[in-house]
Amino acid sequence: MQCIFTVDVEDWFHILDVPSTPPLSQWGSLPSRVEKNFMRLMDIFAEKDARVTCFFLGWVAEKFPHLVREAEAQGHEIASHGYAHRLVYEMSREEFLADATKSRKLLEDVSGGAVLGYRSSGFSVTEKTPWFFDALMEAGYRYDSSVFPARREHGGLEGASLAPYRLNGGSRELIEFPITVTRIFGRPVCFFGGGYLRLFPYFLIRRMTRRVLAEGRPVVFYVHPREIDPEHPRLPMGWVRGFKSYVNLHTTEEKLRRLMREFEPASFRSFMGAHAPAICAA
Ligand SMILES: [Zn+2]
């Protein structure tokens, strides 16, 4: 069983749901760090000869198309993080469909290849968005990695399957790869991305990775380019969000290197090539 390494390619000012997050109209005038940080991430992957899945924000791909082309040229999978980084549960089905379709077409135009995968901002699929999977299939996607199968700040789908599963939508089909969690005292806990990866010590992340793999599930790791850049500008926010957003930034890069040394890295596309037939219906 492999580990799937993923990057949500966005900038330091794309932290969600805090009052100081700038609106899209201001993004273009802010000092960007995504270019430098993403290129460094690709160097880290190249050291380990790893091919990963890059969920590009459509806005980033439009502004820095060479990042998409460089990732494609290095053999990484190009996938979509939507266009404007809006929470799914704050959009109507029509708005979501337009955003997801726009980002897929844009990424396909820039990369020259098919885009199969989607990840929502903030894993914001909830019980309030029952149309999500159907709309995603309509937008032309073949797999998704947006379900956080536990309670969390931006929604989450408590009680959802922890293992990947297949969804049927008439003539279309979608594979869902939930964000990896494992049970601690009966409660699902994530150790494998973003603030969780930064917060927990490496020995614990490694132990939990081995445990999930032993259960026959892949582990989905996720990082943001800003997380290997401890010097990036901070958005003003309350101390709880500030802690979650910025704790242990200096540890991400070393954890990533060690994980790729100890576990076999894969992209979603390559994982599906090897394992898709074994994934069962929901
Ligand atoms: Zn995001």
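Predicted model: local features only at pLDDT ≥ 70, side-chain atom pairs only at ≥ 80, totals over all residues.
**Entry 1: Arg 33 and Asp 229**

I looked up Arg 33 and found a salt bridge to Asp 229, with the closest N and O atoms 2.8 Å apart. Where do Arg 33 and Asp 229 lie? Arg 33 sits in the loop between helix 1 (24-27) and helix 2 (34-47). Asp 229 sits in the loop between strand 10 (219-223) and helix 9. The pair therefore ties together parts that are 196 residues apart in sequence.

Arg 33 has a relative accessible area of 23%, so I wrote it down as partly exposed. Asp 229 has 4%, so it goes down as buried. The cut-off for buried is under 20%.

**Entry 2: Asp 8 and Arg 119**

How many salt bridges does the count come to? I noted 17 salt bridges. One of them joins the side chains of Asp 8 and Arg 119, at 2.9 Å from N to O. Asp 8 belongs to strand 1 (residues 3-9), and Arg 119 to the loop between strand 4 (117-118) and helix 6 (132-138), so this pair ties together parts 111 residues apart in sequence. Are Asp 8 and Arg 119 buried or exposed? I found both Asp 8 and Arg 119 buried.

Side chains of opposite charge can pair when their charged atoms come close.

**Entry 3: a pair inside helix 10**

Next I looked at Glu 253 and Arg 257. They form a salt bridge, and the closest N and O atoms are 2.6 Å apart. Both residues lie in helix 10, 4 residues apart, which is about one turn of the helix. Glu 253 has a relative accessible area of 18%, so I marked it buried. Arg 257 is also at 18%, and it counts as buried.

Which residues are linked with Glu 253 and Arg 257 in a network of salt bridges? I found Arg 40 and Glu 47 there.

I stayed in helix 10 (residues 252-262) for Lys 255. At 7% relative accessibility, Lys 255 counts as buried. I also checked Lys 255 against Val 52. They are 203 residues apart along the chain, and their C-alpha atoms are separated by 16 Å.

**Entry 4: strands**

I turned to strand 3 (residues 77-80). Which way do its residues point? Glu 77 and Ala 79 point one way, and Ile 78 and Ser 80 point the other way. All of them are buried.

Strand 2 (residues 53-56) is joined to strand 3 by 4 bridges, and the two run parallel. I followed Phe 56 across to strand 3 and found Ser 80 as its bridge partner.

Then I checked strand 10, where Val 223 is found. Val 223 has a relative accessible area of 4%, so it is buried. From Val 223 to Gln 74 the step along the sequence is 149 residues, and the C-alpha atoms are 18 Å apart in space.

**Entry 5: pocket and cavities**

What is the volume of the largest pocket? I noted about 930 Å³. The lining of this pocket has 39 residues. Nearest its centre lie Arg 152, Glu 153, Gly 195, Tyr 196 and Lys 244. Strand 9 (187-189), helix 7 and helix 9 each supply at least two residues of the lining. Which element gives the largest share of the lining? I found helix 7, with 5 residues.

The largest cavity has a volume of about 40 Å³. Its lining includes Leu 162, Ala 163 and Pro 164. It also includes Phe 177, Pro 178, Ile 179 and Thr 180. Arg 217, Pro 218 and Val 220 line it as well.

**Entry 6: a nonpolar patch**

Leu 199, Trp 239, Val 240 and Phe 243 make a nonpolar patch of about 450 Å². Which helix gives the most to this patch? I wrote down helix 9 (residues 239-246), with 3 residues. Leu 199 comes from helix 7 (residues 194-199). Leu 199 has 38% relative accessibility, so it counts as partly exposed.

Terms used: Residues numbered from 1 in each chain as written. Heavy atoms only, no water. Patch = residues over 30% accessible without salt bridge, like charges linked within 9 Å, V, L, I, M, F, W, Y side chains within 5 Å. Areas by Shrake-Rupley, 256 points an atom, 1.4 Å probe, with all protein chains shown as cover. Salt bridge = Lys/Arg side-chain N within 4 Å of Asp/Glu carboxyl O. Buried < 20%, exposed > 50% of the residue type's maximum accessible area, 1.4 Å probe, protein only. Pairing = 2+ DSSP bridges. 1 Å grid on protein atoms, 1.4 Å probe; cavity = no way out; pocket = protein on both sides within 12 Å on 5 of 7 lines; lining within 4 Å. Points joined across faces, edges and corners; volume = space filled by probe spheres on them.
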